[in-house]
Amino acid sequence: MNCRQCGAHLRIRDRFCPYCGAENLDARKHQEEMERYEKEFRRTKSRVLKRSRQFQGYTLILILIAVFAVCNVAVLLAEKNSYRIAEWMENSEVNRKQDTYRELLQVCESEGQYERMAELNLRLNLYQNETLREFQPVTEAAYYFAEAYACLMKLTDEHMEYGYETESDLLKRLGSRLEQFQEAVSPPTYARTEKGYEGTHREAMEDMKEKLELLIKTCAGVPEEEMEGFWSLSEHQRSVLIGRGLNADE
Amino acid sequence: MSSRRKKKMGVQQWSILLIAVLAVILAVNLLNFFSSLASYRRTYGYDFASFDECYRRGEYPEILRMYEKNLAGDRKTVYDVSEYAAAAAFYREAVYCRMYWEDGQTDKAEQARQKMKEYRDQITDQKRFGAELERIETQFLDGTGL
């Protein structure tokens, strides 16, 4: 650049011409522009930093909101399926303790604690465990045995209250439970394990059957000769027979 | 500048409020979830009053089933109803004892009699159960000589 007055060569940082002393207007303009750029740079820098801090803050809030929302959805879904989750947890526990449960069922079976067998099976869904599935038929039979025993005692023991059920209700229920018991102890047809009907399981089933027959004979007063072919009767016929025995007793 | 500042604070406040609301909902849902899990385990639970009511009505088979349900549902630590269960088992053995005796199976009747004694020994509350056990014994064993 040259001096506008004397034409001498000037450098950008020369504010005045060293030869004629005139002001270097280009240098001043350059200085002013530099200051403006500097200011703009600082302003932009502070804006960027501020935005960045804001962004960090919003990101944190957004992440928190997203996490809470996802957690809420997950917990809601879990709550909707809580029954399945509880069942799954229980099945896992049964799988872990399957040896203990097997021993317990075997003891119940040998000692004739049929109520316990039935309730254990109902409560813990033991049949869902592969190795305990063989107990399914006998525990099912045990459940109907316990139900039939309760009905028979209610019908025959005068010290026991009927509750909300009448005698005919109880007879009907007894007939139905005996039918279900008969189905539970019947040999397998298809898709049922044969192992569940053999050995100690078969013995327990026979024991339950014998006890039911004896209870019907001794408590309900059904004569020996009428007990012949009792298990081949229909549900209704069994109820009628027991009802007749009870009324004959009275 | 002041309004922009106010606006920014507003957004932050709303966000915090939203997070607080979500946290409260999450806490409630978690509480519901765990109570549902707990209620699944408690499905088959019976309390002391249920046993006493059944005992008063003489429903021994029902007592036994309720007791087994509680055992299967891990309720044995909550209520001690073992004496009710022992009384119910005593009743059951008395029924079997009479049943086998009438059928002429005296050895099985004797076994049932032994079990009756075992269950009787488990009962310490004589005030509550004593007279009733005597009554059951008389009802089922009278005339058997056992």
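1. Leu17(B) sits in helix H1 of chain B, which covers residues 2–41. In this predicted model, Leu17(B) is partly exposed because its relative accessibility is 46%. Together with Trp14(B), Val21(B) and Ile25(B), Leu17(B) makes up a nonpolar patch on the surface. The accessible area of the four residues together is about 420 Å².

2. Chain B as a whole is helical in its assigned elements: 6 helices and 0 strands. Read from the N terminus, the order of elements is α-α-α-α-α-α. Of the 146 residues in chain B, 42% are buried. The chain exposes about 8,100 Å², and 55% of that comes from carbon and sulfur atoms. Among contacts in chain B with a separation of 6 or more, 68% are between residues 24 or more positions apart.

3. Next, the interface. Contacts between the two chains involve 50 residues of chain A and 49 residues of chain B. About 4,500 Å² is buried between chain A and chain B, and carbon and sulfur atoms give 62% of this area. On the side of chain A, Glu119(A), Arg123(A) and Tyr149(A) supply 14% of the area buried against chain B, more than any other three residues.

4. Polar links also cross this interface. There are 12 residue pairs in polar contact between chain A and chain B, with both residues at pLDDT 80 or more. Five helices of chain A each supply at least two residues of the side that touches chain B: H1 (25–80), H2 (82–96), H4 (114–124), H5 (136–156) and H7 (199–218). H1(A) gives the largest share of that side, with 14 residues.

5. Side chains of opposite charge can pair when their charged atoms come close. The structure holds 33 salt bridges over all chains, and 6 salt bridges are found across the interface of chain A and chain B. One salt bridge between the chains pairs Asp103(B) with Lys217(A), with 3.7 Å between the closest N and O atoms.

6. Another salt bridge pairs Arg92(B) with Glu115(A), the closest N and O atoms being 3.1 Å apart. Arg92(B) belongs to helix H4 of chain B (residues 82–103) and Glu115(A) to helix H4 of chain A, so this pair joins two chains. Both Arg92(B) and Glu115(A) are buried.

7. What surrounds Glu115(A), leaving aside its neighbours within four places in sequence? Glu115(A) is in contact with Ala146(A) and Tyr149(A) in chain A, and with Leu64(B), Arg65(B), Glu68(B) and Arg92(B) in chain B. Glu115(A) counts as buried because its relative accessibility is 4%.

8. The helix that carries Glu115(A) is H4 of chain A. Why can H4(A) be called largely enclosed by the rest of the structure? The description holds because 9 of the 11 residues of H4(A) are buried. The buried residues in H4(A) are Tyr114(A), Glu115(A), Met117(A), Ala118(A), Glu119(A), Leu120(A), Asn121(A), Arg123(A) and Leu124(A). Asn125(A) follows H4(A) and has a positive phi, near 50°.

9. A salt bridge within chain A pairs Arg177(A) with Glu147(A), and the closest N and O atoms are 2.6 Å apart. Arg177(A) is in helix H6 (residues 167–185) and Glu147(A) in helix H5 of chain A, so the pair ties together parts that are 30 residues apart in sequence. Both Arg177(A) and Glu147(A) are buried. These two residues also belong to a network of salt bridges that links them with Glu165(A), Arg173(A), Glu62(B) and Arg65(B).

10. A salt bridge in chain B joins the side chains of Arg56(B) and Glu53(B), at 3.1 Å from N to O. Both residues lie in helix H2 of chain B (residues 48–57), 3 residues apart, about one turn of the helix. Are the two partners buried or exposed? Arg56(B) counts as exposed because its relative accessibility is 55%, and Glu53(B) is partly exposed, with a relative accessible area of 36%.

Notes
Residues are numbered from 1 along each chain as its sequence is written. Chains are lettered from A and ligands numbered from 1 in the order in which they are written. This is a predicted model: local features need pLDDT of at least 70, side-chain atom pairs count only at pLDDT 80 or more; totals for chains, interfaces and linings use all residues. Side-chain values use heavy atoms; hydrogens and water are left out. Patches are made of residues with over 30% relative accessible area and no salt bridge: like charges are joined within 9 Å, nonpolar side chains (Val, Leu, Ile, Met, Phe, Trp, Tyr) within 5 Å. Accessible areas come from the Shrake-Rupley method with a 1.4 Å probe; for residues, only the protein chains shown count as cover. Helices (H or I, at least four residues) and strands (E, at least two) are DSSP runs, numbered from the N terminus. Buried means under 20% relative accessible area, exposed over 50%, partly exposed in between (1.4 Å probe, protein chains only). Contact means heavy atoms within 4.5 Å. Buried area is the accessible area (1.4 Å probe) that two parts lose on being put together, summed over both. A polar contact is a pair of N or O atoms within 3.5 Å; within protein, one must be able to donate a hydrogen and the other to accept it, and residues adjacent in sequence count only if both atoms are side-chain atoms.
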